[in-house]
Amino acid sequence: MTKLMIIEDDMVLASDLAQRLQKSGYEVTGIKNNGAEAILHFQKFLPEILLVDIGLRGEMNGIETVEKIQENHEVKTIFLTGNDAEDYFDLAKKTHPFAFISKPFRFQELERTLALLIDQIQLKKEQVQPPTFNEDSIFIRNQNKLVKIFYDDIFYMEAERNYAKIYTKEHTVLVVCPLKVLANKLPTHRFIRIHRSFLVNIPKIEAVGDSFLEINKKTLPISKPFKQDLLRKINTL
């Protein structure tokens, strides 16, 4: 569950927003309308995302509060503000926020923005901490746990934007990891790229044509740049 913190001067708006976010499955660690208090709260709960209004009570505004937090922590920020003056926007850009949403806004707009941001956070985590590999198997993070998949059970893998699909004997597993990253971690004597969108398990190949191969009764395309490498790794007469 993603942890969010709301830093907002309007406590009525903030309370309503917190309730709606919690119903959508987010964990709201707290609401603060003062920069100094927000910093202390952040240090205690370490939320992953900040929803920040520029106008706050106390000496610091929202931008200054985020700058203070960023001195010691990396955190993603979405500014939600009724003050969309160009000067404030330019100042806010210095904190590298993910988004700058002007009030009033539709909750759906915020939900979609959060979904895109969380997708990027998860992708970065997977790139920093890629799946764990053993000699005969791979551990894939799936639904908050690591699941072992044996190489012998894998037929092929397919790119799905920033994800990869692993096709096995019994099911398909979606991994939050680009195919290119996955390919670099797998044993090269066993797995090979045949196309920018496909990686296959060499022992599972059933037939090879001029521009395609067959595996598990599926026909997959072979790109010219990968053809020679494939032929070198399979026994041919």
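Okay, let's start with Phe198: at 11% relative accessibility, this residue counts as buried. Buried here means under 20% relative accessible area, exposed means over 50%, and partly exposed is in between, with a 1.4 Å probe and protein chains only. Before I go on, this is a predicted model, where local features need pLDDT of at least 70, side-chain atom pairs count only at pLDDT 80 or more, and totals for chains, interfaces and linings use all residues. Residues are numbered from 1 along each chain as its sequence is written, and side-chain values use heavy atoms, with hydrogens and water left out.

Now, what about aromatic pairs? Rings of Phe, Tyr and Trp (its six-membered ring) pair if their centres lie within 6.5 Å; planes under 30 degrees apart are called stacked, over 60 edge-to-face, and the rest tilted. By that rule the count comes to five aromatic pairs. One of them is Phe89 with Phe100: the ring centres are 5.1 Å apart and the planes stand at 90°, so we call this pair edge-to-face. Phe89 lies in helix H4 (residues 86-93) and Phe100 in strand S5 (residues 99-102), so the pair ties together parts that are 11 residues apart in sequence. By the way, when I say helix or strand, I mean DSSP runs numbered from the N terminus: H or I with at least four residues for helices, E with at least two for strands. Phe89 counts as partly exposed, at 30% relative accessibility.

Which residue does Phe198 form a tilted aromatic pair with? That's Tyr156, at 6.2 Å centre to centre and with 55° between the planes. Tyr156 lies in strand S9 (residues 154-160) and Phe198 in strand S13 (residues 198-201), so this pair ties together parts that are 42 residues apart in sequence. Tyr156 is buried too, with a relative accessible area of 6%.

There's also a charge over a ring, which takes NZ of Lys or CZ of Arg within 6 Å of the ring centre and within 35 degrees of the ring normal. Here, the charged end of Lys204 sits over the ring of Phe155, 5.4 Å from its centre.

Next, salt bridges. Side chains of opposite charge can pair when their charged atoms come close. The cut-off is a side-chain nitrogen of Lys or Arg within 4 Å of a carboxyl oxygen of Asp or Glu. How many salt bridges does the structure hold? Seven.

One of them joins Asp9 and Arg57, at 3.3 Å from N to O. Asp9 lies in the loop between S1 and helix H1 (11-23), and Arg57 in the loop between S3 and H3, so parts that are 48 residues apart in sequence get tied together. Asp9 is partly exposed, with a relative accessible area of 29%.

Then take Arg190 and Asp152, which meet at 2.3 Å, N to O. Arg190 is buried, with a relative accessible area of 17%, whereas Asp152 is partly exposed at 45%.

Lys169 forms a salt bridge with Asp153, and their closest N and O atoms are 3.7 Å apart. Lys169 sits in the loop between strand S10 (163-168) and strand S11 (172-175), while Asp153 is in the loop between S8 and S9, 16 residues apart. Lys169 counts as exposed at 56% relative accessibility, and Asp153 as partly exposed at 27%. Salt bridges that share partners also join Glu8, Asp53 and Lys103 into one network.

Last stop, the strands. In a regular strand the side chains alternate between the two faces of the sheet. Look at strand S3 (residues 49-52): Ile49 and Leu51 point one way, Leu50 and Val52 the other, and all are buried. Two strands pair if DSSP finds at least two bridges between them. Four bridges join strand S1 (residues 3-7) to S3, and these strands run parallel. Met5 has Leu50 as its bridge partner in S3, and Leu50 has Thr77 as its bridge partner in S4. S3 and strand S4 (residues 76-81) are also parallel, over four bridges.

There's an open sheet as well, made of three strands in the order S14-S15-S16, with antiparallel pairing. Strands S14 (205-208) and S16 (218-221) stand at the edges with a single partner strand each, so one side of each is left without a neighbour in the sheet.
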